[in-house]
Amino acid sequence: MCGIAGLIHRDKSTNIGGEMLNMLQSLKHRGPDSTGYALWGDNNSNDYILRFKVGENVKEGSSAKNEDISVYDERKELVNSEIQNAGATIIEEKRVTPYSFRYIISCDDDLLELSKKIESVEMTEILSLGKSLELVKDIGDATVVANQYGITNFNGTHAIGHTRMATESGVDIRSAHPFWGYPFSDVAVVHNGQLTNYWNTRRTLEKKGMRFMSDCDSELIAVYLANKIRDGYDLDDGMRQSLDDLDGVFTYLVATKDKLGMAKDYMAAKPMVLYESDKLVALASEEVAIRSLLPHEIDTYDPFEGEVKVWQA
Amino acid sequence: MAGVKDHKSHAMGLHEEVLAGRTQQVFFDPEEEENFFYFNSYEVDFNKRTTVDAKDLDCVQVNKKINNLIKKGYGTIVLKNPGAKHSFGVGILNKLNLIVEGSLGYFGVGSIDGPIVRISGRVGWSCAENMMAGKVVIEKNAGSCFGAAIRGGDLICKGSVGARTGIDMKGGTIVVGGDAGIFTGFMMQRGRIIILGDVGPNLGDSMYDGTIFVGGNIKSCGADAVEGEVTELDRAWLKRKLKVSEIDKKVDLSKMKKIVSGKKLWNYDNLEPTERKDAL
C-alpha cells in the first residue's frame, strides 16, 4: 500500500509545495517509509534545474549503507567536472542536504549525454532535470521531507507526490518515488501497486539503452513512458499502451511540463479518487487528501478500470 | 442457459445438492420472537435527535459518541463535517436514524445491523461491508467493493460505483442508480444487485447464486454467469424495490437484463477435467 496524489491548477500559479505537503501528510498512514514530491515551478528561463544526490540518507529504517560524509564532497567535485566535460555551464549551485544538491545549469536540449556523464560518478543519481520540474524525495513523512528540502512555499502550476510503504525493494532514496523520466526534461511518475512483468520488461528496455537506477518496479513505468516518448508517442497514447504492456495491479500518475495524467489498470485494484473543476483537478488514493485542499463538500468519483485521463495546465 | 442441463454432472444429480454451512438462512419461529435477546441493543426514540460534529474527531471518537448516544436513547443522530474520514458509523447494531451531512471515506457504516443511514455525499471503498440489516442511502457516488459481503438490508447508491460491487455478498439488496465497474457481483452467494446504468467487464464472475439485474449495457459476463429470463415476478419485485430505493429515475423494466449463476462452477471439484474446461 502506497499513497499517491496529484493536482493541477488550470488558470494560475500558486503554492503547490504547501498544497502537496498537506495532501501527502493526510496520506501518511498509507506509506510511512519515504515521501517524494515532483513540483513544476514558474521557471521561465531557458536554463535547466538539476536535482541530484551523491549518497543516501542513512538513518533508522534505511537500508542504505553508511558512508563517510567526506566522500560527498569528492563526488560533487567530480560531478562538476563531468558537467563541464559535457559542455554545460553551472550557473548556480546549492547544497540542500549533505548528499543532495540543486543546480541551475545551461546546456543544450540533448540531455542524454549530460545525464550519462553525471551518473558516471559513483553513487550519483539525477533526481530530476528539467526547465520547471523539481523532484525531491527522502526518508520520512511529508512534513519532514518538505522542511528538509525547503519546498513548503514552492510556487507552480502542478505537482505529484508519493508516500511509500516499501514492499519489494529497500527503504532508501533511490527506491523512493517520484521517478524522473530519464533522460527527458520535466517528466516524472508516481505509482501505487505492483508490476508482475517487471524483469522481462526491464530487460527489453535495457536492451534499448534505457537506464534503471533501482530495483523498484515503479521505476519501470517512468522508464517505459520515457521510451514511448522517445518513440514519438504523445503522453496520452503512451499511457493507453501501458495498460496492455504492463502487467499487474497499478494506478499511476505522470506529469510533464504542462500536463498531468492518470492511468488505472484493467482490474481497478488500486484506488484513485478524482475531483475535477474548471480551475483545479486534484486526485489521490483517498479523498481525505483532496479534502486537505477543499474542506467543503465536493463531488468526487473513482475512475473506472482501464481509464486514462490527461489534463492540461 | 442453453446446454447447462445437458451436463453429466446434472445427470448425476450434483446440482440438486443443498448448500450447507454458515451462509444458509436460518428460519426462526415467530412464536419464539419474544425469547430473542439482541446483545448490545437499546430502545431508542426516533424523535430524540442530536448532532455530532466530526470536524476534529477521529473514527474511534465518533463511533464511541454514536454508541453512547444510542445508549442514552437517541434515535436520530446527525453527523456533521465527516470530511471523508474513514470507518465512521461502523458496528451500529441498533435501530437508529443516522444522517450523514457530507461524505465518508473507506469502510463507512460497515458491519451494521439495523440502522437507517442517509449520506448526502459520496462514500469511499468498502461502504457497508458485512452489513446485516437496515438501509443505507447514498446520494452521490461510491468507491470500489461497495457492499462487500453484505448479508442483508438495502444498500442504495444513487450515483455510480467502482469495481467489485457486491463481491462475496450473501444476502440483501444493492441498488445502483448509475454505472458499475469491473467484477460486479464477483463470487456472490445470495441476494440481489440492481444496476440501472452500464456495467463493466466480468459481471457476476464465479457467482454461486443470487441475481443481478442490469438496465444498461453489460461489457461482458464473467465465468459461469449467464443471462436468465426476467419473469413477471421479477418485474413486480423490481418495481417495488426501486420505489423503496428512492431513486428518482425513470426505468424501463422491460429492458432489464437478468444475470444468474450457470452453476457449473458450483460443483467444480466434482467435475470431469473436460467439464472443468467447459465451466471456465
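**A walk through chains A and B**

Let's start inside chain A, where 17 residues of domain 1 are in contact with 19 residues of domain 2. On the domain 1 side of that meeting place, you'd find nine nonpolar, three polar and five charged residues. Keep in mind that what you're looking at is a predicted model.

Where do these domains sit along chain A? The assignment gives domain 1 as 3–42 plus 148–312, and domain 2 as 47–131. Going by C-alpha atoms, the centres of the two domains of chain A are 23 Å apart.

Now look for a sheet in chain A: it's an open one, built of five antiparallel strands in the order 10-11-12-13-16. Strand 10 of chain A is joined by two bridges to strand 11 (residues 188–195) of chain A, and here Trp180(A) stands opposite Ala188(A).

Two helices pack on this sheet. Helix 6 (residues 217–230) of chain A touches strands 10, 11 and 12, and its direction makes about 130° with that of strand 11 of chain A. Helix 7 (residues 235–245) of chain A touches strands 12, 13 and 16, and its direction makes about 15° with that of strand 13 of chain A.

Next, hop over to chain B. Its 280 residues, 49% of which count as buried, include four helices and eleven strands. How do the two chains meet? 15 residues of chain A are in contact with 21 residues of chain B. Chain A's side of that contact has seven nonpolar, one polar and seven charged residues.

Note on methods: Residues numbered from 1 in each chain as written. Chains lettered and ligands numbered in written order. Predicted model: local features only at pLDDT ≥ 70, side-chain atom pairs only at ≥ 80, totals over all residues. Contact = placed C-beta atoms within 7 Å. Nonpolar A, V, L, I, M, F, W, Y, C, P; charged D, E, K, R; others polar. Buried ≥ 20, exposed ≤ 12 C-beta atoms within 10 Å, placed from the backbone. Domains from an automatic or database assignment. Pairing = 2+ DSSP bridges. Axes fitted to C-alpha atoms, helices over the stretch in contact; angles between N-to-C directions.
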